[in-house]
Amino acid sequence: MRILLLDDDAFMLELLADMIASLGEHTVVRETDGRRALIELRLRPPALVICDLSMPVMDGIDFLRLAAAQQYQGCLVLLSGVDGAVLKTAARLAEAQGLAILDAVAKPMSMETLGQLLARAATRCQPQN
């Protein structure tokens with residue numbers, strides 16, 4: 001499965017990529033900038049995007065809005081250290097815009113949670129191309 005990780009924290013990107021690698025064969029693309037991630041969505045759409053909400057320049061909410069405008073058809077997992085109610089609200093907003101949200105998860109994500117999400121994504125999320 002092709003997975004795009006979007007987070008402004010390079011350490012978090014490495015950690016998530018390592019966790020994903022330990023859970024099976026996946027192609028992982030890491031981005032720290034929402035603008036570059038949107039280009040990736042358009043050129044090589046992943047089946048799954050794991051997206052942080054709190055980022056400079058373009059936050060996760062703006063990224064989700066623009067991903068919906070691009071008609072991204074894959075699945076998303078929202079990941080953030082913000083309050084749980086904010087996470088759930090962001091997930092509802094994204095779903096209202098037509099995005100397929102698998103879950104909204106507080107940082108740090110456990111290996112067990114990540115494994116469950118990848119299993120769900122493998123059956124539910126199809127790449128666009």
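## A loop residue as a starting point

Glutamine 73 sits in the loop between α3 (60-69) and β4, where helices (H or I, at least four residues) and strands (E, at least two) are DSSP runs numbered from the N terminus. With a relative accessibility of 55%, glutamine 73 counts as exposed; the terms used here are buried for under 20% relative accessible area, exposed for over 50%, and partly exposed in between, with a 1.4 Å probe and protein chains only. Glutamate 25 lies 48 residues from glutamine 73 along the chain, and the C-alpha atoms of the two are separated by 22 Å.

## Basis of the model

This is a predicted model, in which local features need pLDDT of at least 70 and side-chain atom pairs count only at pLDDT 80 or more, while totals for chains, interfaces and linings use all residues. Residues are numbered from 1 along each chain as its sequence is written, and side-chain values use heavy atoms, with hydrogens and water left out.

## Overall fold

The chain contains 5 helices and 5 strands, and read from the N terminus these elements follow the order β-α-β-α-β-α-β-α-β-α. The radius of gyration of the chain is 13 Å, close to the 14 Å that the globule rule gives for 129 residues, so the chain is as compact as a globular protein of that length; the radius is taken over C-alpha atoms, and the rule is 2.2 Å times the number of residues to the power 0.38. Along its principal axes, the C-alpha trace spans about 35 × 30 × 25 Å.

Of the 129 residues in the chain, 45% are buried. Among the contacts with a separation of 6 or more, 72% are between residues 24 or more positions apart, a contact being heavy atoms within 4.5 Å. The accessible surface of the chain is about 6,300 Å², and 53% of this surface belongs to carbon and sulfur atoms; the areas come from the Shrake-Rupley method with a 1.4 Å probe, and for residues only the protein chains shown count as cover.

The chain carries 12 positive and 16 negative charges, whose mean positions are 6 Å apart. In this count Lys and Arg are positive and Asp and Glu negative, with His and the chain ends not counted, and each charge is placed at NZ of Lys, CZ of Arg, CG of Asp or CD of Glu.

## The disulfide and the remaining cysteine

A disulfide is a covalent bond between the sulfur atoms of two cysteines. In the whole structure the search finds 1 disulfide, the criterion being a pair of cysteine sulfur atoms within 2.5 Å. Cysteine 75 and cysteine 125 form this bond, with their sulfur atoms 1.9 Å apart. The torsion about their S-S bond is about -105°, so the disulfide is left-handed. The pair joins distant parts of the chain, since cysteine 75 belongs to strand β4 (residues 75-80) and cysteine 125 to the segment after α5 (111-124), 50 residues apart.

Cysteine 75 is buried at 3% relative accessibility, and cysteine 125 is buried with a relative accessible area of 4%. Leaving aside residues up to four places away in sequence, cysteine 125 touches Ala47, Cys75, Leu102 and Arg120. The C-alpha atom of cysteine 125 is separated by 9.2 Å from that of proline 46, which is 79 residues away along the chain. Cysteine 51 is buried, at 0% relative accessibility, and its closest cysteine sulfur, in cysteine 75, is 14 Å from its own, too far for a bond.

Serine 80 is placed in strand β4, and with 0% relative accessibility it counts as buried. Not counting residues up to four places away in sequence, serine 80 touches Asp52, Leu53, Ser54, Leu87, Val105, Ala106 and Lys107.

## Backbone features in loops

The peptide bond from lysine 107 to proline 108 is cis, with omega near -5°, and proline 108 is found in the loop between β5 (100-106) and α5.

Valine 57, in the loop between β3 (48-52) and α3, has a phi near 65°, a positive value in a residue other than glycine, and counts as exposed at 69% relative accessibility. Glutamine 71 also has a positive phi, of about 60°, although it is not a glycine; glutamine 71 lies in the loop between α3 and β4 and is exposed, with a relative accessible area of 57%.
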